[in-house]
Amino acid sequence: MHLTATPADRPVYVIGAGPGGLAAAYALRARGIRAVVLEKADRLGTSWRGHYDRLRLHTTRRLSALPGLKIPRRFGRWVSRDNVVRYLERYAEHHELEIVTGVEVFRVERAEDGDGWLLHASGGRELTGSAVVVATGYNHTPRVPDWPGLADYGGEFLHAGHYRDAEPYTGRDVLVVGAGNTGAEIAVDLVEGGAARVRLAVRTVPHLVRRSTLGWPAQYSGVLVRRLPVRLVDRLCRMQAKVAVPDLSVQGLPRPDTGLYSRVLEGAVPVQDVGLIDAVRKGKVEVVAAVESFEDGNPGKVVLADGSRIEPDAVIAATGYVRALEGLVGHLGILDDRGRPVAHGGRTSAEAPGLYFTGFTNPISGMFREMALDAGRIAKATARHLRTRQ
Ligand SMILES: Cc1cc2nc3c(=O)[nH]c(=O)nc-3n(C[C@H](O)[C@H](O)[C@H](O)COP(=O)(O)OP(=O)(O)OC[C@H]3O[C@@H](n4cnc5c(N)ncnc54)[C@H](O)[C@@H]3O)c2cc1C
């Protein structure tokens, strides 16, 4: 393919070789724009390589494909972690994407000549691009709440990002903290993997949804209702939950009092059931109050919001991630108070023309799908941006 020379022959740099960055690089290439992906790890798809063993996409194969290449049918409807990685590798190969691994970008600033962006990267590199796509991931850095006493806690403590499988926990008493998709799935994995006792500490009761009902995936509903009024969607979801999800109030998981879609807009996606409902109903996962603090000792105690003190053998904090964009672009004044870019996809901030972000929203319709759509929007906007500079 003939690639158009960008102003001063500067490529577009895409930071991060996860699904978001790869999709954006492909979409740029498809418009004849040279895109170079910079990846800090030694291989692409690092986030997916690091996820726990039993993970499968909870979005369907068809609605998770990136532009220009279907996910093979033989990977099944719910694609396994290893097959996601295989797909990403094949995606880069198929589209002949230009990826440079082992290069971490630390800071992005305006090029001195005002034409494009200067990237400060590892090894003292200074790279100038005509435009930049930041695709460093929504789940960039594990977040552990600032719990009092944690520093002196003598027990085993792990962030869920480092959890691989249940094997180290066989026969042990484990507390999982946080009832998002990851915490819910790890709790079930521990039960199935033979942990002696599994407790799940819950601060905000999650919305639980079946991954599919009568063969209809929850994600399809997510796509369909996206543009409907929030209150209407909340009401529809409440009605659907009453039919599909049993009342688990006695077990400590009452139905949430705020609507499902309202919560999504605040950044909390519903929990897709991969066995939690059953495990809670059967008492195999015990729901306990939120963690308040830790007490030292050997192994030490965990203090819960209802005042109880428990002594699990291990604590797994499924407490999410932060974007960690401050060092990279914080000085440009384009992040909101939660550290997310104010403009996203094909849009850019007035202060930062030609600086795009993908993968920093968490829509009800699925992130892979959103990143696939954003890739096209970014490529279109970049082409327009580069034309105005020629
Ligand atoms: C457990 C889990 C399950 C998920 N399941 C689904 C699902 O079923 N369906 C769905 O649609 N979404 C899912 N998501 C959400 C989302 O789709 C994935 O997190 C996806 O990997 C995000 O892609 P990304 O390219 O934005 O980020 P990542 O995949 O995290 O890729 C970012 C890349 O950037 C690199 N990088 C970071 N900083 C720098 C830097 N400064 N310089 C150079 N390189 C850098 C990283 O090494 C990494 O390779 C899930 C997320 C998690 C955590």
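**Figure 1. The loop around Glu 96.** Glu 96 sits in the loop between helix H4 (81-94) and S3. This is a predicted model. The phi of Glu 96 is near 50°. That is a positive value in a residue other than glycine. Glu 96 is exposed, because 9 other C-beta atoms lie within 10 Å, and a residue counts as exposed at 12 or fewer.

Figure 2. S1 covers residues 12-15, and S7 covers residues 131-134. The two run parallel and are joined by four bridges.

**Figure 3. The three-stranded antiparallel sheet.** Strands S4, S5 and S6 form an open sheet in the order S4-S5-S6. Here the pairing is antiparallel. Strand S4 (105-110) and strand S6 (125-129) stand at the edges. Each of these two has a single partner strand, so one side of each is left without a neighbour in the sheet. The twist from one strand to the next averages 25°. Strand S5 (residues 117-121) pairs with S6 over five bridges. Within this pair, Trp 117 stands opposite Gly 129 in S6.

**Figure 4. Leu 328 and its contacts.** Leu 328 is part of helix H10. It counts as buried because it has 22 C-beta neighbours inside 10 Å, and the cut-off is 20 or more. Leave aside the neighbours within four places in sequence, and Leu 328 is in contact with Val 105, Arg 107, Val 108, Val 134 and Thr 136. Leu 328 and Trp 78 are 250 residues apart in sequence. In space, they are 34 Å apart, C-alpha to C-alpha.

**Figure 5. The loop around Ala 324.** Ala 324 is found between strand S21 (321-322) and helix H10 (326-329), in the loop that links them. Its phi is near 55°, a positive value in a residue other than glycine. Ala 324 has 14 C-beta neighbours inside 10 Å and counts as partly exposed.

**Figure 6. Helix H5 and what covers it.** Helix H5 (residues 181-192) has 12 residues. From its first C-alpha to its last, H5 reaches 17 Å, close to the 16 Å expected at 1.5 Å a residue. Of the 12 residues of H5, 10 are buried, so the helix is largely enclosed by the rest of the structure. The buried residues include Thr 182, Glu 185, Ile 186, Asp 189 and Leu 190. Their cover includes strand S10 (173-177), strand S11 (197-202) and strand S15 (271-273). Helix H9 (276-281), strand S16 (285-289) and strand S20 (314-317) also contribute to the cover. Just after H5, Gly 194 takes a positive phi of about 95°.

**Figure 7. Strands S10 and S11.** Five bridges join S10 to S11, and the two run parallel. Asp 173 has Arg 197 in S11 as its bridge partner. Five of the six residues of S11 are buried, so this strand is largely enclosed by the rest of the structure.

**Figure 8. Where domain 1 meets domain 2.** The domain assignment of the chain gives domain 1 (7-140 + 323-389) and domain 2 (143-320). Their C-alpha centres lie 30 Å apart. Across the boundary, 11 residues of domain 1 are in contact with 17 residues of domain 2. On the side of domain 1 that touches domain 2, three residues are nonpolar, six are polar and two are charged.

Technical notes
Residues numbered from 1 in each chain as written. Predicted model: local features only at pLDDT ≥ 70, side-chain atom pairs only at ≥ 80, totals over all residues. Pairing = 2+ DSSP bridges. Expected span 1.5 Å × (residues − 1). Contact = placed C-beta atoms within 7 Å. Domains from an automatic or database assignment. Nonpolar A, V, L, I, M, F, W, Y, C, P; charged D, E, K, R; others polar. Axes fitted to C-alpha atoms, helices over the stretch in contact; angles between N-to-C directions.
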